[in-house]
Amino acid sequence: MERFDLISLTRRQWLGGAAALGAAAAFPVPAWAQGAEPWANLRRLMASYVDARKVCGMVAALGYAQREPEAICSGTDSFTSARHCDIDSIYRIYSQTKPITGMAAMILVDEGKLGLDQPLHEILPKFRTMQVQKVYDGPVTPDNLEPAVRPITIRQLLTHTSGLGYGIVQSGPIVAAMRAVGAVPGQFSRLQALIPTLAGTPAASLELFADGVASLPLVYQPGAKWSYSMGLDVMGRVIEVVSGQPFDSFLQERFFAPLGMRDTGFQVSREKADRLTASYAVSQGRLLPIDLGPNSIYLEKPAFPFGGAGLATTPRDYDRFLTMLSGYGELNGVRIMSERAVRLGSSNLLPGTLRPDGQYDAGWGFGAGGRVGLGENAGIYGWAGAAGTFGFVDIPKRLRAGLYTQYLPVTAYPLSEEFSAAARADFAALARR
């Protein structure tokens, strides 16, 4: 399998989701909230992917204010399943986990237990003295290392500006060094060892994972450049230490239980395996199964909770998280996090130390684990996953959108652009009614 181009795929998916929200925002009250059925183009697009067997199934979830989402569904949970995919199908969301981890950190910042510009080494001492590669992805040897000019901060972890590397982004000797210390923050398949870009065995615990990451050189100076990283996985360990709870327990107590996200977690129980979708790899135009529901690696307890790419969820569950954000921390009258924490986490948190060529993307910023809009797009927040999922919310306009399917690499199809075009066409049709 080709190496993932994570920066391209997440930008493409983000723009697709954000553009769909932008189209919806042209209307003061979305027509679906008034009982209309405007989704002819989206239904046609999704059916075309299913009919051409590009994917086995696809679900879109679109919502306004605190109302239940509109679900548009096509296909089945796998090519061998008779179960039609729906809003309760379970998907591996990979990097779409990051906004949940990021907002969990915002809770602790809001409670005064964590500081955005607090040095990471005050919480995880092994990050006190970091070395940085002089040549990006070059040798991991003393002659190619120099001291970090500033400490890694919590802000940098949340915004991928800490200088930490990522096994699915880096190449060369540093990837071998990552695998040697168990800095492998994710699981894709029981066949993972056979896929070069995914190979490696995770450390036995989140603590050991963080210690391993601390032993590795950085690929950039802290605060100098946006570079997709293991920052949100390290943040999981920060949350453990600061809260005094296991990371997964913190998420369960502060998000999943009060939000009613009953099908969200780092492991899928076997009684739910019939709803766990199949994941496929696109290779030379063919789909190869890499993780099937009845025998999924997600049925096993992971080595540790992967805060950057580990969650499985349903479109219904993730929409509840987005709905809470659109309510500035409140869902159906229940306060989950403060309005201040939501506003801060969905704002541009990029550090002021970024070098001129180190920005994330012109016109956009980065918040707590997700991309954020600037200017006329201010208030849009979200991120995407490596297997074709994304989830975004326009907080001021109370709009949200999610798309769920399972294929790797996501760059195999122009789905995000096509989703945006179909959504715009549907909203244009609404305007003519």
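Is Asp263 buried or exposed? Asp263 is buried, at 15% relative accessible area; buried stands for under 20%, exposed for over 50%, and partly exposed for values in between (1.4 Å probe, protein chains only).

1. Basis. The model is predicted, so local features need pLDDT of at least 70 and side-chain atom pairs count only at pLDDT 80 or more, while totals for chains, interfaces and linings use all residues. Numbering starts from 1 along each chain as its sequence is written, and side-chain values use heavy atoms, with hydrogens and water left out.

2. Surroundings of Asp263. This residue is found in the loop between α8 (247-259) and β6 (279-283). Helices are DSSP runs of H or I with at least four residues, strands are E runs of at least two, and both are numbered from the N terminus. Asp263 forms a salt bridge with Lys272, with 2.8 Å between the closest N and O atoms; the term covers a side-chain nitrogen of Lys or Arg within 4 Å of a carboxyl oxygen of Asp or Glu. The side chain of Asp263 also makes a polar contact with the side chain of Arg275, at 3.1 Å. A polar contact is a pair of N or O atoms within 3.5 Å; within protein, one must be able to donate a hydrogen and the other to accept it, and residues adjacent in sequence count only if both atoms are side-chain atoms. With neighbours within four places in sequence set aside, Asp263 is in contact (heavy atoms within 4.5 Å) with Lys272, Arg275, Ala312, Thr313, Thr314 and Asp317.

3. Other salt bridges. The structure holds 20 salt bridges. Side chains of opposite charge can pair when their charged atoms come close. One of these bridges joins Asp86 to Arg83, where the closest N and O atoms are 3.0 Å apart. Asp86 is partly exposed at 24% relative accessible area, and Arg83 is partly exposed at 22%. Glu339 forms a salt bridge with Arg343, the closest N and O atoms being 2.8 Å apart. Glu339 and Arg343 both belong to helix α10 (residues 339-345) and are four residues apart, about one turn of the helix. Glu339 has a relative accessible area of 35% and is partly exposed; Arg343, at 45%, is also partly exposed.

4. Strand β1 (residues 57-64) pairs with strand β2 (residues 70-75) in the antiparallel sense over six bridges; strands pair if DSSP finds at least two bridges between them. Leu62 stands opposite Glu70 in β2. The two strands, β1 and β2, form a hairpin with five residues between them, and Ala65 in the turn has a positive phi of about 55°.

5. Cysteines. How many disulfides does a search of the whole structure find? The search finds zero disulfides, a disulfide being a pair of cysteine sulfur atoms within 2.5 Å. For Cys56, the closest cysteine sulfur is that of Cys85, at 7.1 Å, which is too far for a bond. Cys73 is in no disulfide either, and its nearest cysteine sulfur, again that of Cys85, is 5.7 Å away. Cys56 is buried at 7% relative accessibility, whereas Cys73 is partly exposed at 32%.

6. Aromatic pairs. Rings of Phe, Tyr and Trp (its six-membered ring) pair if their centres lie within 6.5 Å; planes under 30 degrees apart count as stacked, over 60 as edge-to-face and the rest as tilted. By this rule there are 18 aromatic pairs. The rings of Tyr91 and Tyr404 form a tilted pair, because their planes are at 45°, with centres 5.8 Å apart. Tyr91 lies in strand β3 (residues 91-92) and Tyr404 in strand β15 (residues 399-404), so the pair ties together parts that are 313 residues apart in sequence. Both Tyr91 and Tyr404 are buried. The rings of Phe390 and Phe419 have centres 5.3 Å apart and planes at 75°, so this pair is edge-to-face. Phe390 in strand β14 (residues 390-394) and Phe419 in helix α11 (residues 415-431) are 29 residues apart, and their pair links distant parts of the chain. Phe390 is buried at 1% relative accessibility, and Phe419 is buried with a relative accessible area of 1%.

7. Aromatic cluster. Tyr166, Trp226, Tyr228, Phe366 and Trp383 form one aromatic cluster.
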